[in-house]
Amino acid sequence: MEPANLFTVLRRYWRLLAGCTVAALIVGFVLTPTGDTVDNGKWQCKVAITPVAGAADTVRADQVLSYAQGSAVTTAAAQKLHITDVAGLSARRTVAAASTQMLVFTTTGPTQQSCADLAAALSEATITGYGQESKKSADESIKRLRAQADAQQQQLDDLQKQFSRANATDQAKLQPQLSTATAALTKTLGAIADLQNYSQTDAIQQWGSIDAKELGGNLLTSPTRSVRLVLAVVLGLALGVVAALMLSRMDTRLRTRDGVEEAFNLPVIGEIPRLSRRLRRLREPLVTARPEDPATEAYRSLRSTLLLTGPRALSVQLGQGGLDPDDRRARRATGPAPVVLVMSGRSGDGRTTTVANLAATLAETGRQVLVLDCDFRQPGLRGQFGVDEGPGMAELLSGEQLPNLVDLIRRTNVSGVALITGGNTTAYPAALVLRAGEVLELARRHADVVLIDSSPLLHANDAYDLVQHADTVLVTVMAGNVRPEEADRVSELLARTGVPVAGVALLGAEGTTGRRKRTPRPGRAPAEKTAGKATGKATGKATGKAAAKTAPPVPEQQRRAEPPPRVEPQRRAGEHQRPADPRPGAPVYGEGPDRRDGATSWGRRPAELPPEEPAETTLQLRLGEER
């Protein structure tokens, strides 16, 4: 991944990065001790303890291990080292049985000396403490055995008296009892002697010297809390970057120009940068509120591209300013205004914002723009142009009553732009577009350009019903809001209508990637947005098959020299017929030398345009002006 794309991904998932960093900071703060502490795990020391020679039979390893793990040994070692934190000292030592006759103490410390002192103190406390416990236990056993020896001595004395007074026959009977009592007394006295010798010597001893080695520190044992928290922040950021890259790989939503062009199979004719929250809250078009903003220049570029690549009826309006109202009405009667339908696949694609700003930019060229709000589910143009509530397109299309269209045209806060609001719709929205053709024929004669805002194509059928009455279509896409399968569905629906598509306006663009040569997708014919395309797929296929059956074979050189026949679009009765270009040899919309071989082209660039003249900047749509 290129560095620019990496920074774009990180900027897109900045909330995830912040969340991972804060989480790591909290975990590091909770798991580390309070305050700045020393690294007690830098050095490690080991010391072994075994029974003394000759005491292996009397010393039990499990008893010594149980005593060494007790608190008495740790307390005695802390007193010798003058340490008050007994709990911290316990955390720095471990004891385990290396074999049946050996115990090993393992201690840690910030320095080699402190680690060795702790090991020696624990070893000495264990040897001394266990010796004292052993002597105490031996004394208690000696006391008990002495009482038992006294009883046995008394019994032996009684047997000896009986033996001395008995005759020979009775003495023979008492002799076994006398021998048994003598042997029991002797055994008890021997046990007492052994215990006395055991209590006077040590039972266990230290084996060898103390083994010390240096260890490395870690996050939880670093010298200061500040260092630990800095490391936690670094780890959190690394985790956030990995998570952001994984989410970016799994996210298939369209965000770049190349991705949008490939998914829609349409050119991107305008890239609008992402607007800040403050600019999105404006109650007027950005073009008039912030004329010098980069996004405003992007909308002006979109306007210029639309004028150059759109239908001829839109571009011929250039240079027609300076006309008085009578001449303007006469011109509109002979050449009605073109209709531009702005649509999107999903809600939230910036369709309404694009309509408002595109109308403002067209008004800057001297054109009088009429905006129709045909989004009957979520109308929003009224707020963009500062127009109050009132009757509008819903009343005009409902058929219950037919108000005069001029009566519904409302002035806006943008000079040269008028609006017919959505109105107060009470009927089912899909039923309101049945009379759209008739209403649009009237609207064409009241402005130089007619812009229509519609409902999302994939969420409602309104836009699909309005497409057939438009001269061109502009698709808006918000970066990160549409998936490739949704874009493919929009492209398929538009291809079926046969209406020329000017292109796609990409809003919230994260950065330009450069135009590349587009090739048609496999299985789909190039989307030639020409006048001949307006007849639909069915008509084109039928015409092609009929021509193939009836026409005689044509030599290959003649086929290369002759241009393909132009098929005029079929219009319903009463619909506006696009005026032909009066200039001889002028290129046809969607055709001409500017076409690139192997790539789809939806626009044209007229080689000759009439010079610009001062245009009127006020919209003359007063009551009675058009009557």
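**A bridge pair to start from**

I began with C45 and looked up its bridge partner in strand 4, which is A212. A reminder to myself before going on: this model is predicted.

Next I checked the pairing of strand 1 (residues 43–51) with strand 4, and found it antiparallel, over eight bridges.

I read 2-3-1-4, with antiparallel pairing. Strand 2 (93–99) and strand 4 (204–214) are the edge strands, and each of them pairs on one side only. For the twist from one strand to the next, I noted an average of 20°.

**What lies across the sheet**

I looked for helix 6 and found that helix 6 lies across strand 1, strand 2, strand 3 (102–109) and strand 4. Against strand 1, helix 6 runs at about 20°.

**Helix 3 on helix 6**

My last stop was the packing of helix 3 (residues 61–68) with helix 6 (residues 112–165). Their axes are 10 Å apart, and the angle is about 120°. I noted the crossing as right-handed.

Which residues meet here? From helix 3 I listed Q63, V64, Y67 and A68, and from helix 6 their counterparts A125, T126, G129, Y130 and E133. Sorting the residues of this contact by type, I got five nonpolar, three polar and one charged.

Key: Residues numbered from 1 in each chain as written. Predicted model: local features only at pLDDT ≥ 70, side-chain atom pairs only at ≥ 80, totals over all residues. Heavy atoms only, no water. Axes fitted to C-alpha atoms, helices over the stretch in contact; angles between N-to-C directions. Helix = DSSP H or I, 4+ residues; strand = E, 2+ residues; numbered from the N terminus. Left-handed = near helix turned anticlockwise from the far one by under 90°. Contact = heavy atoms within 4.5 Å. Nonpolar A, V, L, I, M, F, W, Y, C, P; charged D, E, K, R; others polar. Pairing = 2+ DSSP bridges.
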